[in-house]
Amino acid sequence: MSRKHNKLNAMEPMVLAVTKLGHDGRGIAHREDGKLVFVDGALPGEQVVVKLTNLHKKYDEGRVIEVITASSDRVEAPCAHFGVCGGCSLQHMSREAQLTLKQSVLAEHLQHFGGIVPQEWLSPLVSDNISYRRKARMGVRYVIKKEKLLVGFRERQASFLAELDSCVVMDPRLGLSITAFRELINGLEARDHIPQIEVAAGEELDGVAPVALVFRHMNELSKSDRQALIDFCAERGWQCYLQPGNYDTVHKVWPEDGPDRLAYELPFQTPNGTDLRLAFHPNDFTQVNAEINQRMLPLALDLLDIQPEDRVLDLFCGLGNFTLPLATKAREVVGVEGSQAMVLRGQENATANGLNNVSFYMHDLTKEIANQPWATLGFERVLIDPPRSGALEVLPHIVSLKPKRVVYVSCNPATLARDAGELAKAGYVLLKAGIMDMFTHTTHVESIAVFEKRR
């Protein structure tokens, strides 16, 4: 055992007063000698007993082992595994306080990195559904010392798997099946060689199985193991996939017929006279929170202020989650994405929904785009939904198009703020911005902002 661990083990718990909350959701306190301490599980205004877990030169880290004086924002965590499982870190905080934290994080980043403040703050997009998560990757490990198989997520601030029997933030079809997953894999010959299960849930639509399980396996499965996985899914009417290698090796083994797709609907009228229906492969990126997605899309279209004669550009478009709703309102829509599989998925969904005013192109949007066939078209509106790294490389081209409005959907307030500063330099005004509670009970901040070209 290291000298640092020996020192930590020898240290007695300490009583600390928590003064504020960090962006990562941990309480901030100071030791008697003035040294900063980040306290997991603490809220501002609380007096807590803290056990230090890490020592650093300029700060320490610790966790609450007892609350002496509780904050009015403290609530009972809805999950029995809270505090052990690392999947959610804010279940001890009221929803109102969570939203306030996320709003402050966005505001501080916009001010610090972009030097700007929106003319108007949007009301947060929220949902009352706690069991929101419809996609996840769950770890699997057989622990020899415990003679027990674990299925779930990592422990908080550790690499070990937490011992779970359910997950309240996952779609109930998935979250209430963790015990069944564990019993299934524990009964296989290959229980030591299945490191993860990818789970995905769609909607129960006509002819489409609502759930898919993707079993990663390191060794070839025996016939009996393979059949056990198939039987498990068949009994539930779910799709079963195997993954012997990388993502390219994922293949469906049940049902034997039908496309490798799940699906969800969106409240936008298609030329076919039906709601939009988007099909996706279980490994495709989709928004994990269906209800927030349903509310985010009309908001984005409203912020763009689309007119029937507009041509709209959708960058980082994925399988068309924004592109196809845009196509129900605009004259023409172009979607650009770096993945050929997503481009094909977008085209597939456009055709299935009878939309002939939309086209998809593959291109790495961090690279030069001047020679791309879509780059010379004129666009009145632009929507961007980039990865966490943001859209810095493509911003100069967006500016050169001189769109009237730009809507930016972000999963990282720091890169949104940075890019907002660049748009401001180019003559765009930040009209509105706000948070979307896509990942309830976590510190993850999803946000949306609309920029308008200054006249």
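User: How many aromatic pairs does the count come to in this structure?
Analyst: The model is a predicted one. Rings are paired here if their centres lie within 6.5 Å. By this rule the count comes to four aromatic pairs.

User: In the pair formed by Phe181 and Phe232, are the rings stacked, edge-to-face or tilted?
Analyst: Planes under 30 degrees apart count as stacked and those over 60 as edge-to-face, with the rest tilted. The ring centres of Phe181 and Phe232 are 5.9 Å apart and their planes stand at 55 degrees, so the pair is tilted.

User: Which helices does the pair of Phe181 and Phe232 link?
Analyst: Phe181 and Phe232 are 51 residues apart, and their pair links distant parts of the chain. Phe181 counts as buried at 0% relative accessibility, and Phe232 counts as buried at 8%. Phe181 belongs to helix H4 (residues 178-186) and Phe232 to helix H5 (residues 223-236), which makes the linked helices H4 and H5.

User: Which strands hold the two rings of the pair Tyr264 and Phe280?
Analyst: Tyr264 and Phe280 form a tilted aromatic pair, 5.9 Å centre to centre with 55 degrees between the planes. Tyr264 is buried, with a relative accessible area of 2%, and Phe280 counts as buried at 0% relative accessibility. The pair ties together parts that are 16 residues apart in sequence, because Tyr264 lies in strand E13 (residues 262-269) and Phe280 in strand E14.

User: Which residue caps the N-terminal end of H6?
Analyst: H6 has 15 residues and reaches 21 Å from its first C-alpha to its last, close to the 21 Å expected. Its buried residues include Ile292, Asn293, Met296 and Leu297. At the N-terminal end, a side-chain oxygen of the capping residue lies 3.3 Å from the backbone nitrogen of Glu291, and that capping residue is Asn289.

User: Within what arc do the buried residues of H8 fall?
Analyst: H8 (residues 340-352) reaches 18 Å from its first C-alpha to its last. The buried residues of H8 are Met342, Val343, Arg345, Gly346, Asn349 and Ala350. Seen down the helix axis, these residues line one face of H8, because they fall within an arc of 160 degrees.

User: Which residues are exposed on the other side of H8?
Analyst: The buried residues of H8 have a cover that includes strand E14 (275-280), helix H7 (323-327), strand E16 (332-337) and strand E17 (358-362). On the other side of H8, the exposed residues are Thr351 and Ala352.

User: What is the omega of the cis peptide bond that joins Trp254 and Pro255?
Analyst: Most peptide bonds are trans. Pro255 lies in the loop between strand E12 (251-254) and E13. The bond that joins Trp254 and Pro255 is cis, with an omega of about -10 degrees.

User: Is Phe316 buried or exposed?
Analyst: Phe316 lies in the loop between strand E15 (311-315) and H7. Its phi is near 60 degrees, a positive value in a residue other than glycine. A residue is buried under 20% relative accessible area. At 17% relative accessibility, Phe316 therefore counts as buried.

User: Is Lys402 buried or exposed?
Analyst: Lys402 lies in the loop between helix H9 (395-401) and strand E19 (405-410). The phi of Lys402 is near 55 degrees, a positive value in a residue other than glycine. A residue is exposed over 50% relative accessible area. Lys402 has 63% relative accessibility and therefore counts as exposed.

Definitions and conventions. Residues are numbered from 1 along each chain as its sequence is written. This is a predicted model: local features need pLDDT of at least 70, side-chain atom pairs count only at pLDDT 80 or more; totals for chains, interfaces and linings use all residues. Side-chain values use heavy atoms; hydrogens and water are left out. Helices (H or I, at least four residues) and strands (E, at least two) are DSSP runs, numbered from the N terminus. The expected span of a helix is 1.5 Å times one less than its number of residues. Buried means under 20% relative accessible area, exposed over 50%, partly exposed in between (1.4 Å probe, protein chains only). A polar contact is a pair of N or O atoms within 3.5 Å; within protein, one must be able to donate a hydrogen and the other to accept it, and residues adjacent in sequence count only if both atoms are side-chain atoms. The arc is that of the directions from the helix axis to the C-beta atoms. Contact means heavy atoms within 4.5 Å. Rings of Phe, Tyr and Trp (its six-membered ring) pair if their centres lie within 6.5 Å; planes under 30 degrees apart count as stacked, over 60 as edge-to-face and the rest as tilted.
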